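Me: I've got a model open and want to talk it through. Can you walk me around it, one question at a time?

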Amino acid sequence: MENTHDIVPTHLVVNAMRDNGYKNAAYAIAELMDNSIQAGATIVELLCGERIEQLKQRARARISEIAVLDNGHGMTSDVLQMALQFGNGTRLNDFSGIGRFGMGLPNSSISQARRVEVWSWRNGSENAIYSYLDIDEIEKSQLKSVPTPIIKEIPDIWKEVGSNFGMTGTLVVWKNIDKIMWRTANSIIDNSELIIGRMYRYFLVDDSVVIKLKSFDMS
């Protein structure tokens, strides 16, 4: 018989977790970049994709998907699953960055979007492994554990706009964005630039890390 008395019923708790810990999207994005830098990345890209939406009598560009791409050392299948678990991770006692509590990737992502997809590779992006979290599936109890990573091709759109697909790396994509207060790619970049620049100023000043910010049309 299925256990219906879990101490932490995930499908109920996940919505409370969405409102926990991040002032805004800029801080959540910075958390992903922190993961990238701790993974040895020297280039990190913030990619903000917009689509045209019809709003009453005029059409406007609205943020649709956000990605962080890096050239860090990439993740194995086990590490990727661990990285998508709440309260787990490989740096639980590492105090060198801001994401040291094992909550960084999943918590920052679901605080802004209902779905996060991750590709990671250690031997060319054509061999990337993939897994995800989806709030709708969790709420319906359709997703109770982190899906086992599979080899899955990176969508062409990210290959076209990203300039950093080397032999190793990770791509984190936020989809079904519903919590970000800023509606356009430029406003997200403008508001994130100051926070990211302040947090990682030492890396930027000594040129050990290059951070690129880009908006583009997904329509």
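This is a predicted model: local features need pLDDT of at least 70, side-chain atom pairs count only at pLDDT 80 or more; totals for chains, interfaces and linings use all residues.

Me: How many helices and strands does the protein have?

Reply: Helices (H or I, at least four residues) and strands (E, at least two) are DSSP runs, numbered from the N terminus. On that count the protein has 8 helices and 7 strands.

Me: Is H2 parallel or oblique to H7?

Reply: The axes of H2 (residues 25-38) and H7 (residues 185-199) come within 9 Å and cross at roughly 50°. Axes are lines fitted to C-alpha atoms, for helices over the stretch in contact, with angles from 0 to 180 degrees between N-to-C directions. Angles under 35 degrees count as roughly parallel, over 145 as roughly antiparallel, 65 to 115 as roughly perpendicular and the rest as oblique. So H2 and H7 are oblique.

Me: How many nonpolar, polar and charged residues are in the contact of H2 with H7?

Reply: Contact means heavy atoms within 4.5 Å. Ala26, Tyr27, Ile29, Ala30 and Met33 in H2 meet Ile188, Asn191, Ser192, Ile195, Ile196, Arg198 and Met199 in H7. Ala, Val, Leu, Ile, Met, Phe, Trp, Tyr, Cys and Pro count as nonpolar, Asp, Glu, Lys and Arg as charged, and the others, Gly among them, as polar. By class, that gives 9 nonpolar, 2 polar and 1 charged.

Me: Why does Asn24 count as buried?

Reply: Asn24 sits in the loop between H1 (10-18) and H2. Leaving out residues up to four places away in sequence, Asn24 touches Gln112, Met181, Trp182 and Ile195. Asn24 counts as buried because its relative accessible area is 15%.

Me: Is Gly74 buried or exposed?

Reply: Gly74 is found in the loop between S2 and H3. Not counting residues up to four places away in sequence, Gly74 touches Ser120, Trp121, Arg122, Thr168, Gly169 and Thr170. With a relative accessible area of 7%, Gly74 is buried.

Me: How far apart in space are Gly74 and Ser36, C-alpha to C-alpha?

Reply: Gly74 and Ser36 are 38 residues apart in sequence. In space, their C-alpha atoms are separated by 9.1 Å.

Me: Where does Asp207 lie, and what is its phi?

Reply: Most residues other than glycine have a negative phi. Asp207 lies in the loop between H8 (201-205) and S7 (210-217), and Asp207 is exposed, with a relative accessible area of 63%. Although not a glycine, Asp207 has a positive phi of about 60°.

How values were computed. Residues are numbered from 1 along each chain as its sequence is written. Side-chain values use heavy atoms; hydrogens and water are left out. Buried means under 20% relative accessible area, exposed over 50%, partly exposed in between (1.4 Å probe, protein chains only).
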